[in-house]
Amino acid sequence: MDASDDAGLDESYRPLPALYLAFLSIWFVSACSWTLNTYKKRHFQTNNLQWTLAIVPLIKALQLTLSFLFWYSCFHLEICSLWMSFGVYVTGVLFQTASFVSFLLISHGYCIMCERLSVTERRTTASLGCVFYLTLVGYRASVPYFSVLLLLNYVITFYVIFHHTSQNLLVLREQLSFIEDEDVQAMHDAVYTKYIMFKKFQGAMQIVAMAEAVIYINLDDSSENYWIRLLVREWAQLCILVYIGWTFRSQDLAPRFSVMPTLKSKGETIVPPIYSIEMNAATFKDFSSHKWHIGVATSSCDVSSKEPVIVIIQQPHTSHKSTPAATPLPPQVQQV
């Protein structure tokens with residue numbers, strides 16, 4: 001497409017190349033930092049969620065690159081590429097779809113409450129993602145009635161996100177109540193951290209819902225203010241995704257969430273009890289080579305239980321043994 005005729009280009013779009021270049025720089029740095037940080041932390045935890053979230057800024061950086069090249073070539077090279085505009089269209093749809101799929105994964109508790117999603121959760125997430133992509137394509141292409149379908153898809157998607165987030169918050173509140181009642185402080189920090197993360201995510205999703213409603217109401221469609229709307233929209237997307245990414249950053253997940261169930265339990269989820277017992281040095285002499293020892297108890301206080309009881313024994317700290325006059329502290333025994 002030849003854009004040599006200046007009358008074919010609206011001068012109100014002239015700030016767009018500079019805007020897209022500025023946001024491209026920000027998103028590119030964010031995407032590289034996100035990917036590098038996830039790669040560096042790969043040995044400390046199973047960070048599949050972080051790799052999934054890292055795809056979103058990479059797609060956004062690609063979209064902004066194509067947008068900058070399109071508008072720069074239009075104004076400075078007087079050539080507007082149809083294929084480049086199509087690439088902007090496709091990457092924009094992929095960015096929104098990837099964002100909402102990531103939100104769905106977080107709401108299900110992927111890599112937070114469990115290592116993997118169930119088959120039903122995976123199918124639901126994939127179905128909602130595909131339908132969202134198709135309805136968004138139809139809406140962007142101005143296909144009749146697709147605006148209604150897209151609105152319905154938004155309602156269903158946000159309902160699923162808020163519903164599962166509320167369920168996870170309820171489970172975590174129950175676990176915190178049990179921890180406080182049983183005075184199990186060793187697990188309090190990990191559970192409380194998850195609870196705070198989901199509360200922040202819930203607030204962020206409320207902001208996303210309001211932002212999407214404002215964008216698609218689109219009260220002012222004039223070209224004169226297009227660059228202002230673009231500026232507000234891009235800043236909003238950047239702030240929301242950076243906030244969510246920082247909330248679920250891998251360096252905080254690593255020390256606290258190194259152990260989690262493979263799948264969510266469909267039954268009642270409770271925190272395992274922790275007991276402490278005392279034993280003398282003669283009884284404990286066989287456990288002097290390692291810090292932790294794991295075994296199965298030959299007998300249990302709960303005679304009605306038919307399942308074996310796993311016992312984890314921790315050595316006393318060496319600092320307590322350095323003083324001869326000090327009374328040796330008993331080891332800590334954790335029953336799971």
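Reply: Here is a short tour, from the overall layout to single residues. This is a predicted model, where local features need pLDDT of at least 70, side-chain atom pairs count only at pLDDT 80 or more, and totals for chains, interfaces and linings use all residues. Residues are numbered from 1 along each chain as its sequence is written, and side-chain values use heavy atoms, with hydrogens and water left out.

Me: How many helices and strands are in the protein chain?

Reply: The protein chain has 10 helices and three strands. These are DSSP runs, numbered from the N terminus: helices are H or I with at least four residues, strands are E with at least two. In sequence order the pattern is α-α-α-α-α-α-α-α-α-β-β-α-β.

Me: And what share of the residues is buried?

Reply: Of the 336 residues, 38% are buried. Buried means under 20% relative accessible area, exposed means over 50%, and partly exposed is in between (1.4 Å probe, protein chains only).

Me: What about contacts between residues at least 6 apart in sequence?

Reply: Among those, 73% join residues at least 24 apart. A contact means heavy atoms within 4.5 Å.

Me: Switching to charges. How many salt bridges are there in the whole structure?

Reply: A search finds two. A salt bridge here is a side-chain nitrogen of Lys or Arg within 4 Å of a carboxyl oxygen of Asp or Glu. Lys-60 pairs with Glu-234, with the closest N and O atoms 3.1 Å apart. That pair links distant parts of the chain: Lys-60 is in helix α2, Glu-234 is in helix α7 (residues 226–247), and they are 174 residues apart.

Me: Are Lys-60 and Glu-234 buried or exposed?

Reply: Both Lys-60 and Glu-234 are buried. Glu-234 has a relative accessible area of 3%.

Me: Which residues make the other bridge?

Reply: Arg-233 and Glu-234, at 3.9 Å from N to O. Arg-233 counts as partly exposed because its relative accessibility is 28%. The shared partners join Lys-60, Arg-233 and Glu-234 into one network.

Me: OK, surface now. Where is the negative charge gathered?

Reply: Glu-180, Asp-181, Glu-182 and Asp-183 form a patch of negative charge on the surface. Patches use residues with over 30% relative accessible area and no salt bridge; like charges are joined within 9 Å, and nonpolar side chains (Val, Leu, Ile, Met, Phe, Trp, Tyr) within 5 Å. Asp-183 sits in the loop between α5 (146–182) and α6 (188–217). Asp-183 is exposed, at 55% relative accessibility.

Me: Which residues form the nonpolar patch?

Reply: Tyr-72, Leu-77 and Ile-79, with about 300 Å² of accessible area together. Areas come from the Shrake-Rupley method with a 1.4 Å probe, and for residues only the protein chains shown count as cover. Ile-79 is in the loop between α2 (48–77) and α3 (82–107).

Me: What is the phi of Glu-78?

Reply: Positive, about 60 degrees, although Glu-78 is not a glycine. Glu-78 also belongs to the loop between α2 and α3. At 33% relative accessibility, Glu-78 is partly exposed.

Me: And where is Cys-111 found?

Reply: In the loop between α3 and α4 (119–140). Phi of Cys-111 is positive too, near 65 degrees. Cys-111 is buried, with a relative accessible area of 5%.

Me: Last one. What does Gln-202 touch?

Reply: Leaving out residues up to four places away in sequence, Gln-202 touches Phe-162, Thr-165, Ser-166 and Leu-169. Gln-202 is in helix α6 and is buried, at 16%. The C-alpha atoms of Gln-202 and Ser-166 are 8.2 Å apart.

Methods. Lys and Arg count as positive and Asp and Glu as negative; His and the chain ends are not counted. The place of a charge is taken as NZ of Lys, CZ of Arg, CG of Asp or CD of Glu.
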